[in-house]
Amino acid sequence: MNRQQLRALVARDRIGKFLSVGVVGAGFDITTATVLRELGVYPELAVFAGIEVAIVVMFLLNDRFTFAEEGAAGLPATLRRLATSNVVRVGGIAVQLGVFRLLYRVPDITLTVAGVDAWFVAAKVSGIGAGMVVNYVTESLFTWRVTRH
């Protein structure tokens, strides 16, 4: 990777937009997972459902906001990027699920706030943070190909 490509990857404005979109996605992710968990869905399944909801929401926002100047226009190109986004986020999903499982299953911590399993939420947030780094790099390189210029 040359200097110009590296600069495109670490562009502050793009990273800031990606993080902003990530906060919105995290809200969808945590809300979906927590509601499903409180409804009795197995924790890891609830977490996975929250992740997928967030992926779709974040893709749509990133496609129109963070990476608006990247990629071809039109429905086929957008659907191709959505499929690519799901595939390249596998690494971030694995990191997120691994961190969540490690924090939620290994220590025996019970923390309930207002009737909600707050330790579940804390483990979820930690996983999201770890997965976000992997997701930014893979999305930038493979979904929107910011270093191709």
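Which helix gives the largest share of the lining of the largest cavity? That would be α2, with five residues. Before going further, a word on ground rules: this is a predicted model, where local features need pLDDT of at least 70, side-chain atom pairs count only at pLDDT 80 or more, and totals for chains, interfaces and linings use all residues. Residues are numbered from 1 along each chain as its sequence is written, and side-chain values use heavy atoms, with hydrogens and water left out.

Back to the hole. The structure holds one cavity of 30 Å³ or more, and the volume of the largest cavity is about 150 Å³. Its lining has 16 residues, and those closest to the centre are Met 58, Arg 89, Gln 96, Ile 128 and Asn 135. A cavity here is a set of points on a 1 Å grid over the protein atoms alone where a 1.4 Å probe fits but cannot get out, and lining residues have an atom within 4 Å of a point. Grid points are joined across faces, edges and corners, and the volume is the space filled by probe spheres set on the points.

At least two lining residues each come from α2 (12-38), α3 (43-66), α5 (90-105) and α6 (118-143). By type, the lining splits into nine nonpolar, five polar and two charged residues.

Now zoom out. The protein has six helices and two strands, which follow the pattern α-α-α-α-α-β-β-α along the sequence. The radius of gyration is 16 Å, close to the 15 Å that the globule rule gives for 149 residues, so the protein is as compact as a globular protein of that length. That radius is taken over C-alpha atoms, and the rule is 2.2 Å times the number of residues to the power 0.38. Helices (H or I, at least four residues) and strands (E, at least two) are DSSP runs, numbered from the N terminus. Along the principal axes, the C-alpha trace spans about 50 × 30 × 20 Å.

In the model, residues 15-36 are 100% helix and 0% strand, with end C-alpha atoms 30 Å apart. Residues 42-61 come out at 95% helix and 0% strand, and there the end C-alpha atoms are 29 Å apart.

Finally, some individual residues. Asn 62 sits in helix α3 and counts as buried (under 20% relative accessible area; over 50% is exposed, partly exposed in between, with a 1.4 Å probe and protein chains only), at 1% relative accessibility. Setting aside neighbours within four places in sequence, Asn 62 is in contact (heavy atoms within 4.5 Å) with Phe 18, Val 21, Phe 67, Ala 68, Arg 89 and Trp 144.

Ala 114 is in the loop between β1 (112-113) and β2 (116-117), and at 82% relative accessibility it counts as exposed. Most residues other than glycine have a negative phi. Ala 114 is not a glycine, yet has a positive phi of about 55 degrees.

How values were computed. 1 Å grid on protein atoms, 1.4 Å probe; cavity = no way out; pocket = protein on both sides within 12 Å on 5 of 7 lines; lining within 4 Å. Nonpolar A, V, L, I, M, F, W, Y, C, P; charged D, E, K, R; others polar.
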